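Open the model in your viewer and keep the selection panel at hand. We will go stop by stop, selecting one thing at a time.

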Amino acid sequence: MSTPFVALDDVTLTYPGRSGGGASGDVTALQGASLSVGRGEFAAVVGPSGCGKSTLMKLVTGLVRPTAGRVAVDGAAVGGPVKIAGMAFQNPNLLPWRSVIDNVLLPLEIVEPHRRRFRAEKKQYRQRAEELLATVGLGGFGDRFPWELSGGMQQRASLCRALIHEPALLMLDEPFAALDAFTREELWCVLRDLWQRIGFTVILVTHDLREAAFLADTIHVMSARPGRIVTTRRVEFPRPRDLEVCFEPGFVDLVHELRGRIADVRAA
Amino acid sequence: MTATLERLAPVWFTVALFAVWEATCRLLEVDPFILPAPSEVFGALVQYWRPVLRHSLVTLWTTMAGFALAVVFGIALGLVVGWSRTVYRGIYPVMVGFNTIPKVAVVPVLVIWFGIGEVPAILTAFLISFFPIVVNVATGLATMEPELEDVLRALGARKLDIMLKVGIPRTTPYLFGALKVAITLAFVGSVVSETIAANAGIGFLMAQAGSNFQMPLVFAGLVALAVEGIAMYGVFALVERRMTRWAFRSSGSAAA
């Protein structure tokens, strides 16, 4: 196998205890976690709650430094914000004073080289945002405000914001957890299509085993805190996948097996 | 029908308040020296409208000057305090302690420094209305969603970017909410100072009228003050609604 796009090598992360509480207050979120994700791969990370999945997100994007071990993205050790990642969370976090399209354009006002060109080429950028919104089914909603959109639509806009600067890496932290079951499945397909069309690398942190099994190439199971990767499971269902795959026996077996692994690590 | 009723409710309520006041004074034959009836108060307003207007304008000017200072310095300090956790922790106890000091107690000091007149009134209005502005601006910045900050930081945003794009716009509803409170407090400050040490202003007028036993005029001064306070509150409530419409709408939640 070629060099992985994202690599965590024996990574430990300890948050210091709150204001002088001494060593007893320290929280070890990750302990000796190793993970590798290939370029263009769709990886899912599942685990019991509080296992440090969100910490994993922060490590990969360079928002926190590991206490021990090494994090590398695109072959280089991560020493600060990686700038090639888009992020989306459970809460869409759209800015209510900006229209949907201005929300989507926000990363371009920050990240180079778009930042420099933004004012001069605003028209082209707006065009690009409109197109992206159209691909997730939000064509014509650009001038609305976030509060005029349903939860599912807000989450679509949030995905667009994460992708507008064409990041090589998309980090998703339970992005669909707050949605109803039907909307969630709709958005699985939206994400699947975007990924197949653009071909970025995805790390999806989720509680939902069906979500992981439907979308991912590989599923990494994390242990309870302090978290580490206990099992990595390849998902072999052929692409492109249809929602029907969720009802095949192989799929049900996979979810059942993952469910068992999570139960084990919870009990441990 | 009910909508108009609701819209006019403040008018009816005010009229009713004065009616009850008038009726009470007449039925119980309250000594006008203790509590003059509204008719006498308005009589005094008509009779002395020139001095009342002149002193009202002085109070309005000192209040607005102090308030303007409070807005400028309050926003500036609020941004600094909200920006840095260290500054926040360091300065907050001092601010609370400072705010706890009754401003009446500061007026004599100000008089010694700046003499009797408008300057102590302006400064008292400033001191009293400063605190809520600082606290609200700082709170608006400090309660920013950490995830949103993560999104931007991961893109390489500097602290200044995050402040300009997210922090400051998100603070505006807090700021305008604070301005409504601060403007009414500013009136308290200027009038307190005028009552103690001034030769113009509503506070001065009321102190003078009181020592001349002209109770209807004292109450006329109170009415003039209340009118000014309501008017300025209304102005800032209107500005708030126009500037931060999104904050009011978004609480109405999403459509289908």
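**First stop: a pair of helices**

Select helices α8(B) and α9(B): their crossing is right-handed. Helices are DSSP runs (H or I, at least four residues), strands are E runs of at least two, and both are numbered from the N terminus.

A note on what you are viewing. This is a predicted model, where local features need pLDDT of at least 70, side-chain atom pairs count only at pLDDT 80 or more, and totals for chains, interfaces and linings use all residues. Residues are numbered from 1 along each chain as its sequence is written, while chains are lettered from A and ligands numbered from 1 in the order in which they are written.

Now look along the pair. Helix α8 of chain B covers residues 159-196 and helix α9 of chain B covers residues 202-211; their axes come within 7 Å and cross at roughly 45°. That makes α8(B) oblique to α9(B). Angles under 35 degrees count as roughly parallel, over 145 as roughly antiparallel, 65 to 115 as roughly perpendicular, and the rest as oblique. Axes are lines fitted to C-alpha atoms, for helices over the stretch in contact, with angles from 0 to 180 degrees between N-to-C directions.

Which residues make the contact? On α8(B), pick Val191(B), Val192(B), Ser193(B), Glu194(B) and Thr195(B); on α9(B), pick Ile202(B), Gly203(B), Phe204(B), Met206(B) and Ala207(B). Contact means C-beta atoms, placed from the backbone, within 7 Å.

**Second stop: Leu205(B)**

Stay in helix α9 of chain B and select Leu205(B). Is Leu205(B) buried or exposed? Leu205(B) is buried, with 29 other C-beta atoms within 10 Å. The cut-offs are 20 or more such atoms for buried, 12 or fewer for exposed, and partly exposed in between. Leaving out residues up to four places away in sequence, Leu205(B) touches Pro51(B), Val52(B), His55(B) and Gly221(B). Next, pick Ser190(B): its C-alpha atom is 13 Å from that of Leu205(B), and the two residues are 15 apart along the chain.

Switch to chain A, which has eight helices and ten strands. Its C-alpha trace spans about 55 × 50 × 40 Å along its principal axes. Of its 268 residues, 43% count as buried.

Finish where the chains meet: 26 residues of chain A are in contact with 22 residues of chain B. Strand β6 of chain A (residues 85-89) gives the largest share of chain A's side, three residues.

How values were computed: Left-handed = near helix turned anticlockwise from the far one by under 90°. Contact = placed C-beta atoms within 7 Å.
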